[in-house]
Amino acid sequence: MTLAPRSDPGHEHEAALIVRIQSGERELFYELIRPYERRVFVIAFTILRNEADAEDVAQDAFLKAFKYLAQFRSESRFSTWLIQVAINEARQRLRKSHLEIMRPIADQENEDGTYTPRDFTDWREIPSEAVERKEIREKLIAALGSLAQKYREVFVLRDVEHMSIEDTAEALGISAGAVKTRLFRARLMLRDLLSSGLDGIWTTNSQIPKGTKPWS
Amino acid sequence: MVVTCEHVWSEISNYFEGDVDPALKEALEGHLAQCPRCRSVRDGMRNVIDLYSDKAMFPLPVGFYPRLHGRLADQVEGRRISRRAWLVSVAVTGALAASAACAAALDRFAPRPLSEMSQPARRLPQRLVAIVDGGKMFHVPGCPFMHGKYHLVAAEEAVRRGFAPCTRCMRDALRSAGKVTPDFEGEESASGATEGK
C-alpha cells in the first residue's frame, strides 16, 4: 500500500533528518530513532513473548534500518517503515525458533466468523495503579500472549502503541477492514480472558444470572 | 433504529474507534443504557484498552538503551570493526611479525661461505657438470684439467656422488652462477646423464 506523503511537521522533520543522515551526518540516526526505541521493543516482545529475543530483534531491526535507510521512500512514514522492519525481523526469529510449533490453536480460526462474548461479569472501573502491580502485569501479558499472532500484532500496534488503523494496516500489509475485524476479536477475547482471572480486582461479584443471557 | 445485543457486540469495537455513523451511535447508546449484558461487554472492553495503554504495562529491560546504542555505535559512528574483529586482527598482525622475526633470525644463523669457492651445496649452480668415472672432481665440459671420457650429470648429483668442484674451471662457473651457458641446455637427458666424447 502506498499512501500519500504526510505534511505534518513531525514527518517533515524526520524526512529532513533522513536526508542529512544519508548525506553523511550518521550520528543523527540516534535522534531519528529515539521516539521509536521503546515501541520497536514492545512490538517485538508482543510477537516473540520473550524479553531477551525481543531486545535482540529490536537491535537487529535498528541496525537493518540504518543499513537500508537509503532505500527508504518518503511516501510513507519512517515509523511505519521501521515497524515493518521490526515485525519482519520478529517473524523471522519466530520461524527460526521452536516457538512456531507452540502456535496457539486460535491462529487457525477463521476470522470472518463473529465472536460472541462468553462472560458478562459486571466490570467496574480499574484502579489506575493496577498495572504497576507485577502480578497483574504478568497476567495481562500472559493473556495477550495466549492470543493468536495475527491478533497480537494488530492489538499491540493499535491499542498499545496507538497507531492509526491505516498505519497499522500498512505496517502489517493487510486491509483496514482486516485490522478492524482482528482488533474487535482481540479486544473481546482479552476481555473474556481477563474477566475472571484477576481475582476480582476490577469486577464486582454481581454476575448476571445465566437465565438473562440472550441465548439462554 | 433498533439494535440487538449481537449487533452491539459486533459494533462495540468500532464504537470505541468512533467509527460508527451518528444514527447507529445513538441506537447503540440507547441499547447500552438498558442492557446490563452489553454494558458489561462495553465496560470490559474499555478496561482492556485502558490497561494495555498504560506505559507501565511493558517495562523495558534494565540496560536496554546502553546495550542498543552500544551495538549501533559500530555502524552509525563508523567503527566498522567490532571488538572481536579488532582482537583477531591484532593477533594475526602479531603472528606475522613473529614469523618475520623468526625468518630473519634463521637467515642470520645460516652458514656463510668462508670464501668465494666454499659455496654450500645448496648454492651449487643449477647446471650440468662433467664427471669422469674414477675421477674426484667435476668440471665444466671442456676443462683442460679433465681427462678421459666424461658424462654429464647435475651438479648436485655430482656432489652427492662425492665429486668436488674443480677449482680451476668451476671458479668462473661459480662466479657466474645463474648465468647458465646455453652450451649445456638441450643436452640434459631425463636421467640427467649424457655421454660425452
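The model is predicted; local features need pLDDT of at least 70, side-chain atom pairs count only at pLDDT 80 or more, and totals for chains, interfaces and linings use all residues. Residues are numbered from 1 along each chain as its sequence is written, while chains are lettered from A and ligands numbered from 1 in the order in which they are written.

**Where the chains meet**
- Chain A puts 44 residues into the contact, and chain B puts in 35. Two residues are in contact if their C-beta atoms, placed from the backbone, lie within 7 Å.
- On the chain B side, helices H1 (5-17), H3 (36-53) and H4 (64-76) each give two or more residues. Helices are DSSP runs of H or I, at least four residues, numbered from the N terminus.
- H3(B) gives the most to this side, with 14 residues.

**Nonpolar cores**
- A nonpolar core is a set of buried Ala, Val, Leu, Ile, Met, Phe, Trp, Tyr and Cys residues joined through C-beta atoms within 7 Å. Buried means 20 or more other C-beta atoms within 10 Å of the residue's own; exposed means 12 or fewer; partly exposed is in between.
- The largest core has 64 residues, and Leu82(A) is one of those that touch the most other members.
- Beyond its neighbours within four places in sequence, Leu82(A) contacts Tyr36(A), Val40(A) and Ala65(A).
- Another core, of 17 residues, lies apart and includes Leu128(B) and Met170(B).

**A glycine in chain B**
- Gly30(B) sits in helix H2 (residues 22-34).
- Gly30(B) counts as partly exposed because it has 13 C-beta neighbours inside 10 Å.
- Val3(B) is 27 residues from Gly30(B) in sequence, and their C-alpha atoms are 9.0 Å apart.
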